[in-house]
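I keep these entries as I go through the model. Each one notes what I looked up and what I found.

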Amino acid sequence: MNHTKTDIPSTINWNEIRSQFPVLNQEVNGKRLVYLDNGASSQMPQIVVDRINAYHSHEHANVHRGIHSLSQHATDAFESTREKVQKLINARYLEEVIYTTGTTDSINLVASSYGRTYFKEGDEILVTEMEHHANIVPWQIIGEQTGAKLKVIPMDENGELIMEKFYELLSAKTKFVSVIHVSNALGTINPVKEIIDAAHDRNIPVLVDGAQAVPHSTVDVQELDADFYAFSAHKMCGPTGFGILYGKKELLDAMPPYRGGGDMIDKVTFEKTTWNDLPHKFEAGTPPIAAGVGLGTAIDYLNSIGMDNIAGREAELITYATGKLSKIDGLRIVGTAHKKASVISFLLDGVHPTDAGTILDKEGIAVRTGHHCAQPVMDHFNIPGTLRASISFYNNEDDIDRLVEGIEYTKEFFE
Ligand code: PMP
């Protein structure tokens, strides 16, 4: 993942791109909306909204089952997204792309299926201190059932992983490594390639939580050599309720189904049931079809801008925002890693993050406050939570200036 500035072609009109997002064109509390909560959920461009609407209006039928034309058309539309995802992340085989309902679901799938099959008493699962709860709790649940234990790679005061500790923690007991690619709480870009290579030297599989990476840069699962890679549609200009688990075919083949029901079977009798082939083995029941179709259009849209251009534009905005915020008296940035993407967490002296967030909201500025589903990160810094501005390529310098004004106003308000 490369988040350095690239040469962005001057032909890209970022104002025009911004205008394609209808949600942004509104006032909130009487002020033009400044949306800086993209880490929680990004917005959908009109083309994605229209595609989902068209699907519901003219194309809806259940997938994979019907012989009738509408069902076949819906299946084609839904399945075409799989090919787009395969290309986007450069998966070797189409069947390595499993549809889920999001990153959380993807990680639960691996923890439940792989973990329950292969973990035993005394085994260790390595995660980092900056994981989202979605990459902690599923492993704890499986740990309680299997006797496997979590081990935590610590981070330093900048919010960077202490890699020597990672190498110390890797041992014969380590059965799995599951790490966040980009921290949603701190913005840190982790050295996942190095982690994967070191784990593979010991034949340990690695899952990467890419929820905050795929929307912001080019991710190549073959180059990373990730065994599993998880992400969500709603953080990449797509709809909620849909996500992806990439998994290496040989691993997925060796894993039992996670949920049973329709679609995931080959033959069912009361005595014995056999499973469908990949990817359907892991896709029980009627999926969120419209959301899947919507993700396909979102990927086309992102590709039309270019992931490297998106990464470059966001790097510009993060640099601009970091420069401006650093100059504010009494503002402390939490998470000062050398390699950061898309997220700036901060605190204001003497003001609780929730109170500051409430004042900013009155100014029409949407930021997130709290622990960002990463309570261990807050414990590390001994703070209750942070304010978090998370940017997308459709934000602009004016949004950042409005945030800065809002923060100055918040400070005055509490003085
Ligand atoms: N991991 C990370 C890094 C995230 O940022 C998020 C969403 N905040 C998740 C996992 C969970 O994603 P979802 O809620 O879409 O399953």
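Entry 1. I looked up how enclosed helix α4 is, and 12 of its 16 residues are buried, so the rest of the structure largely encloses it. Buried here means under 20% relative accessible area, with exposed over 50% and partly exposed in between, using a 1.4 Å probe and protein chains only. Among the buried residues of α4 I listed Thr103, Asp105, Ile107, Leu109, Val110 and Tyr114. The model is predicted: local features need pLDDT of at least 70, side-chain atom pairs count only at pLDDT 80 or more, and totals for chains, interfaces and linings use all residues. Residues are numbered from 1 along each chain as its sequence is written, and side-chain values use heavy atoms, with hydrogens and water left out.

Entry 2. I checked the length of α4 (residues 103-118): at 1.5 Å a residue its 16 residues should span 22 Å, and its end C-alpha atoms are 22 Å apart, which agrees. The expected span is 1.5 Å times one less than the number of residues. Helices (H or I, at least four residues) and strands (E, at least two) are DSSP runs, numbered from the N terminus.

Entry 3. I traced a sheet next. It is open, with 7 strands in the order β4-β10-β9-β8-β7-β5-β6 and mixed pairing. Its edge strands, β4 (97-100) and β6 (149-153), each pair on one side only. Two strands pair if DSSP finds at least two bridges between them. Strands β8 (residues 206-209) and β9 (residues 228-232) run parallel and are joined by 3 bridges. In that pair, valine 208 stands opposite tyrosine 229 of β9.

Entry 4. Which residue did I look up in strand β10 (residues 243-247)? I took tyrosine 246, which sits in that strand. Tyrosine 246 counts as buried because its relative accessibility is 3%. Leaving out residues up to four places away in sequence, tyrosine 246 touches Ile89, Ala91, Glu96, Val221, Ala226, Asp227, Phe228 and Tyr229. Contact means heavy atoms within 4.5 Å.

Entry 5. Last, I looked at the whole protein chain, which has 14 helices and 17 strands. Its radius of gyration is 22 Å, close to the 22 Å from the globule rule for 415 residues, so the chain is as compact as a globular protein of that length. The radius is taken over C-alpha atoms, and the rule is 2.2 Å times the number of residues to the power 0.38. Buried residues are 57% of the 415.
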